[in-house]
Amino acid sequence: MEEVFIMDHPLIQHKISRLRDETTGTNEFRKLVEEIGMLMGYEALRDLKMEKITLKTPIEECEAPVIAGKKLAIVPILRAGLGMVSGMLALVPSAKVGHIGLYRDHETHEPHEYYCKLPDPIEERVIVVLDPMLATGGSAEAAINFVKRHGGKKIKFMCIIAAPEGVKRLQKAHPDVQIYCGCVDRELNEDAYICPGLGDAGDRIFGTK
């Protein structure tokens, strides 16, 4: 079973605290999510495969390392996952971007798909599935199912805040997937919101209610 990586860097933790604050407005919230996505991505991608190429500097010819293979696919879970995409693209501008659209049933809290479009071919790429919140784990589990169904093999899941219940469910459903979290919170409440959490990430990113 893959590990759960908690991103305890002071910059990430400070920015998460700003996200939690109910007085943080839409514009600042959106920028913070983007910045956290970039900081977390820096750590989550440290095991990308490298290869050597030959190039010429202004001084001489040399061998230099570059990212190997078909590189990266970024797959946000709509809609809140979109907030983390620009931070990841700042790190790897050549990454392909797919999208998975899921909505949560308010009665059962289970996810339903309404859209799935992934880069093709995807099997050679490292795939990072993005969602700011890992609550019940249902959306993350379903999204990774779709990625695997399309041929994805090397998959990471990245979230800003997780509930212990969601982490446990995702580990059980996809033990081969690395999970990267900014913080694991206390619990889910009866409405399946993370406590203390930060509210609805999608609403706060896009300024909706």
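Q: How many nonpolar, polar and charged residues does the lining of the second largest pocket have?
A: This is a predicted model, in which local features need pLDDT of at least 70 and side-chain atom pairs count only at pLDDT 80 or more, while totals for chains, interfaces and linings use all residues. Residues are numbered from 1 along each chain as its sequence is written, and side-chain values use heavy atoms, with hydrogens and water left out. Ala, Val, Leu, Ile, Met, Phe, Trp, Tyr, Cys and Pro count as nonpolar, Asp, Glu, Lys and Arg as charged, and the others, Gly among them, as polar. By these classes, the lining has five nonpolar, two polar and eleven charged residues.

Q: Which residues that line the second largest pocket are the closest to its centre?
A: A pocket is an open set of points on a 1 Å grid over the protein atoms alone, where a 1.4 Å probe fits, with protein on both sides within 12 Å along at least five of seven lines; lining residues have an atom within 4 Å of a point. The second largest pocket has a volume of about 330 Å³, a volume being the space filled by probe spheres set on the points, which are joined across faces, edges and corners. Of its 18 lining residues, the closest to the centre are Asp47, Leu48, Lys49, Val126 and Lys154.

Q: Which strand supplies the largest share of the lining of the second largest pocket?
A: Strands (E, at least two residues) and helices (H or I, at least four) are DSSP runs, numbered from the N terminus. With three residues, the largest share of this lining comes from strand S10 (residues 154–162).

Q: Which residues lie closest to the centre of the largest pocket?
A: Now for the other pocket. The largest pocket holds about 760 Å³ of space. Its lining counts 31 residues, and the closest to the centre are Leu102, Arg104, Asp131, Ser139 and Asp200.

Q: Is Asp131 buried or exposed?
A: Asp131 sits in the loop between strand S8 (126–130) and S9. Among the residues it touches, not counting those up to four places away in sequence, are Ile77, Phe157 and Cys159, where contact means heavy atoms within 4.5 Å. Buried means under 20% relative accessible area, exposed over 50% and partly exposed in between (1.4 Å probe, protein chains only). Because its relative accessible area is 12%, Asp131 is buried.

Q: Which residues does the UniProt annotation "binding site" cover?
A: The annotation comes from an unreviewed UniProt entry; positions are in the numbering used here, feature names are shortened, and annotations may be inferred rather than shown by experiment.

Q: Is Ile194 buried or exposed?
A: Ile194 has its place in strand S13 (residues 194–195). Leaving aside neighbours within four places in sequence, its contacts include Met133, Ile161 and Asp185. Since its relative accessible area is 7%, Ile194 is buried.

Q: What relative accessibility does Gly199 have?
A: Gly199 lies in the loop between S13 and helix H6 (201–206). Not counting residues up to four places away in sequence, Gly199 touches Met133 and Tyr193. Gly199 counts as partly exposed because its relative accessibility is 37%.

Q: How many disulfides does the count come to?
A: A disulfide is a pair of cysteine sulfur atoms within 2.5 Å. By this rule the count comes to zero disulfides. For Cys159, the nearest cysteine sulfur is that of Cys181, 3.6 Å away, and Cys159 is in no disulfide. The count of disulfides is therefore, by the 2.5 Å rule, zero.
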